[in-house]
Amino acid sequence: MRAQFVIVVGAWFALLSDQLRPVVPSAPHNVITQAKPIRIGFVGTGTIASAVVTGLCTAGNADDLCITLSPRNEKKSAELRDRFPEQVRVAADNQAVLDACDVVCLAVTPAQAPGVLAALRFRADHEVISFLSTTTLADLAS
């Protein structure tokens with residue numbers, strides 16, 4: 001079974017930030033409870049991924065984030081890890097990113113995508129968000 005692929009929408013990350021400590025309807029008086037950390041991985045660490053990671057880490061509720069970056073852009077990955085040491089880690093390779101997360105953000109260029117994606121083993125429960133322009137869901141799922 002293949003992972004579920006999702007086209008990224010800017011509002012999704014705002015919703016994700018709000019869901020870090022969800023309100024549980026069955027709890028007395030809608031008590032806000034501690035959710036498990038949201039584990040997000042980025043395959044590709046360029047300008048877009050850097051902006052999204054920075055936004056997530058500075059938007060509030062960042063204590064519940066566990067972000068794993070690919071080492072594809074070593075300088076940007078290291079800068080983000082150093083800037084947000086509590087939330088950001090750099091994986092040894094792209095597969096280690098997938099192994100460490102539940103939400104996978106694909107942030108490579110469309111030209112790089114076929115080679116990068118062919119080498120990855122997605123889990124059926126991965127939520128996949130694509131930043132790849134000109135690449136359809138059908139292309140990603142194949």
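## Salt bridges

Arg-81 has a relative accessibility of 35% and therefore counts as partly exposed, whereas Asp-82, with a relative accessible area of 55%, is exposed. In this predicted model, the side chains of Arg-81 and Asp-82 meet in a salt bridge, with an N to O distance of 3.4 Å. Side chains of opposite charge can pair when their charged atoms come close. A search of the whole structure finds 4 salt bridges.

Arg-123 takes part in a salt bridge with Asp-102, at 3.2 Å from N to O. This pair links distant parts of the chain, since Arg-123 lies in the loop between helix H5 (113–118) and strand S6 (127–130), while Asp-102 lies in the loop between helix H4 (94–100) and strand S5 (103–106), 21 residues apart. Arg-123 also forms a salt bridge with Asp-125, where the closest N and O atoms are 2.8 Å apart. With a relative accessible area of 27%, Arg-123 is partly exposed. Arg-39, Asp-102, Arg-123 and Asp-125 are linked in a network of salt bridges.

## Packing of helices H2 and H3

Two packed helices are described by the angle between their axes and the distance between the axes. For helix H2 (residues 47–58) and helix H3 (residues 74–83), the packing angle is about 5° and the axes are 11 Å apart. Because angles under 35 degrees count as roughly parallel, H2 and H3 are described as roughly parallel to each other.

On the H2 side, the contact is made by Thr-47, Ser-50, Val-53 and Thr-54, and on the H3 side by Lys-76, Leu-80 and Arg-83.

Thr-68 is placed in strand S3, which covers residues 65–69. Its relative accessibility is 6%, and because buried means under 20%, Thr-68 counts as buried. Leaving aside residues up to four places away in sequence, Thr-68 touches Ile-40, Gly-41, Phe-42, Arg-89, Ala-91, Val-97 and Ala-100.

## Confidence of the model

The protein chain averages a pLDDT of 79, and 75% of the residues score at least 70. Over residues 1–15 the pLDDT stays under 50, and for this stretch the model has 36 contacts beyond four places in sequence. Over residues 17–34 the pLDDT likewise stays under 50, and here the model has 27 contacts beyond four places in sequence.

Technical notes. Residues numbered from 1 in each chain as written. Predicted model: local features only at pLDDT ≥ 70, side-chain atom pairs only at ≥ 80, totals over all residues. Heavy atoms only, no water. Axes fitted to C-alpha atoms, helices over the stretch in contact; angles between N-to-C directions. Helix = DSSP H or I, 4+ residues; strand = E, 2+ residues; numbered from the N terminus. Parallel < 35°, antiparallel > 145°, perpendicular 65-115°, else oblique. Contact = heavy atoms within 4.5 Å. pLDDT = per-residue confidence, 0-100. Buried < 20%, exposed > 50% of the residue type's maximum accessible area, 1.4 Å probe, protein only.
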